Amino acid sequence: MLLQLKKTCEEGAYWGTVAGVYVGMEYGVKRIRGTRDWKNAMICGAVTGAMVSAASNNNKDKIVVDAITGGAIVTAAEFLNYLT
């Protein structure tokens, strides 16, 4: 039980850090571009995906894949948000 709690706390800290990086990036890109749109989400998702991947992996090809995946997931979420 204690081991599961420790693992849950580690996962929470990891995803909290990822969310913090994304939100910080989104704020910075919004300030630089002067607008809030899906392009900001794509840029921030890609950069966050690359940063998280680079921090946890040494494989350069995996970093590129994670950057593309991060950008795609966040852009899709942003488009779905516009639909509702």
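**Ground rules.** I number residues from 1 along each chain as its sequence is written, and my side-chain values use heavy atoms, leaving out hydrogens and water. Because the model is predicted, I ask for pLDDT of at least 70 for local features and 80 or more for side-chain atom pairs, while totals for chains, interfaces and linings use all residues.

**Overall layout.** I looked up the secondary structure and found three helices and zero strands (DSSP runs, H or I of at least four residues for helices, E of at least two for strands, numbered from the N terminus). The C-alpha trace spans about 45 × 30 × 25 Å along its principal axes.

**Helix pair.** Next I checked how α1 (residues 2-33) meets α2 (residues 38-56): the angle is about 140°, with the axes 9 Å apart. (Axes are lines fitted to C-alpha atoms over the stretch in contact, and angles run from 0 to 180 degrees between N-to-C directions.) I noted the residues in contact (heavy atoms within 4.5 Å), including Tyr14, Val18 and Met25 of α1 and Ile43, Cys44 and Val47 of α2.

**Cysteines.** I searched the whole structure for disulfides and got zero (the test is a pair of cysteine sulfur atoms within 2.5 Å). Cysteine 9 is partly exposed, at 49% relative accessibility, whereas cysteine 44 is buried at 0%. (Buried is under 20% relative accessible area, exposed over 50%, partly exposed in between, with a 1.4 Å probe and protein chains only.)

**Burial.** Of the 84 residues in the protein, 25% are buried.
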